[in-house]
Amino acid sequence: MKRIVPWRALVDLVLPDICRVCGVTVNTRDGLHGICDTCLDQVKYRGKDGCRRCGIAYVGHVDSNHLCGTCLTRPPSYHGATSVCDYAEPVRGLLHRLKYQSDTSVLPSLATIVNRSEWADPARFDWIIPVPLYIGRLRSRGYNQAVLLARLLFGNRNERLNTFLLQRVRETAPQAGLDGGERRRNLRGAFSVERSELLVGRCICLVDDVLTTGATANACSTVLLKAGVCSVEVVTMAGVRVKR
Ligand SMILES: [Zn+2]
Ligand SMILES: [Zn+2]
C-alpha cells in the first residue's frame, strides 16, 4: 500500500523517521514508517501454512488448510487461529519492546508490517476482544499491548472492539518458561465475562500479541463459550513456528 502524504515530507525534514529495528533513516515516501526496506524484508509473513484449527505452524511445512495431529484428537476450544507473521526477528524484538519495555515507539513499525501483509479484517466478527491484562499489570505497564495490536489490525475506531466483556480476574505468573500443562494450570480461573447477555450467540475474535501453545487463547475461549458465544477465532500479530 503506497500513499504519498504531502505534509509527511515536511515532518520528515524536521523529524526524520528512524527504523526502530536497525536505526537507519527511513524513506517514508515509500509508505514505510518505523521500519526500513531491509528490515521489512526479514519479516516472515504467514500464508495458510498453520493448522486451520489451533494455528500452530511447523518448520518447513507449507501445506495449506491442514489440521495438525493434536487437533484431530484434542482440538482447542477456539475454532480457528491466524497469525500475521512468524514469531521471529525483527517482529519478536519489536513485540518484546512493546510488552516488556513499555516502548510504544515500535507501533509505527508494527503498523507498517501489518499494512504490508495479506491480513484483512474478515468482517464476520460481532466482537473483537483483546486478551485482557490483570488490572495490576495494566496499571504498571500503562496499556494492554493486545488492545494496541487490535487497533492496528482492525482500525483505531472500530466499534466492535471491546475491552470489558472479558476480564482477567486473577494475577497469573508469566507464561514464558512454563510447559503446556503448567500453562493451563496457571490460567485456571483467571478469566471471567461481564454482561454475558451481550455475548450470547455472537462470533468473537480474540486478539493477542503472540500465539505460543495456545493455552491463553484456549482459557479465554473456554470462558467465552460457556457464556454462550457461537464461535471464537484467534488473531495474533505473531505465531511460534515449531519443529516437529
Ligand atoms: Zn532497518
Ligand atoms: Zn492444530
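This is a predicted model: local features need pLDDT of at least 70, side-chain atom pairs count only at pLDDT 80 or more; totals for chains, interfaces and linings use all residues.

I began with the secondary structure: the chain has nine helices and eight strands (DSSP runs numbered from the N terminus, H or I of at least four residues for helices, E of at least two for strands). The radius of gyration, taken over C-alpha atoms, is 18 Å, close to the 18 Å from the globule rule (2.2 Å times the number of residues to the power 0.38) for 244 residues, so the chain is as compact as a globular protein of that length. I also took the box filled by the C-alpha atoms along the principal axes, and it is roughly 55 × 40 × 35 Å.

Residues are numbered from 1 along each chain as its sequence is written, while chains are lettered from A and ligands numbered from 1 in the order in which they are written.

Next, burial. I call a residue buried if 20 or more other C-beta atoms lie within 10 Å of its own, exposed if 12 or fewer, and partly exposed in between, with C-beta atoms placed from the backbone. By that count, 36% of the 244 residues are buried. For contacts I used C-beta atoms, placed from the backbone, within 7 Å. Among contacts between residues at least 6 apart in sequence, 70% join residues at least 24 apart.

Then the sheet. I found an open sheet of four strands, ordered β2-β7-β6-β3 with parallel pairing (two strands pair if DSSP finds at least two bridges between them). β2 and β3 (127-130) are the edge strands, each pairing on one side only. From one strand to the next the twist averages 20°. Helix α9 (residues 215-226) packs on this sheet and touches β2, β6 and β7, and its direction makes about 165° with that of β6 (axes are lines fitted to C-alpha atoms, for helices over the stretch in contact, and angles run from 0 to 180 degrees between N-to-C directions). I checked the β3 and β6 pair too: it is parallel over four bridges, and I128 stands opposite C205 in β6.

Which residues touch the most other members of the largest nonpolar core? Among its 61 residues they are V91, L206, V207, C220 and L224. Such a core is a set of buried Ala, Val, Leu, Ile, Met, Phe, Trp, Tyr and Cys residues joined through C-beta atoms within 7 Å. Setting aside neighbours within four places in sequence, C220 is in contact with V131, L166, F191 and L206.

I turned to helix α5 (residues 107-115), whose buried residues are S109, L110, T112 and I113. Seen down the axis of α5, they fall within an arc of 155° (from the directions of axis to C-beta atoms), so they line one face of the helix. Their cover includes α2 (37-41), β2 (80-86), α4 (91-100), α7 (145-154) and β7 (231-239).

L211 sits in strand β6 (residues 203-211) and counts as buried, with 25 C-beta neighbours inside 10 Å. L72, in helix α3 (residues 69-73), counts as exposed, with 10 such neighbours.

Definitions and conventions:
Two residues are in contact if their C-beta atoms, placed from the backbone, lie within 7 Å.
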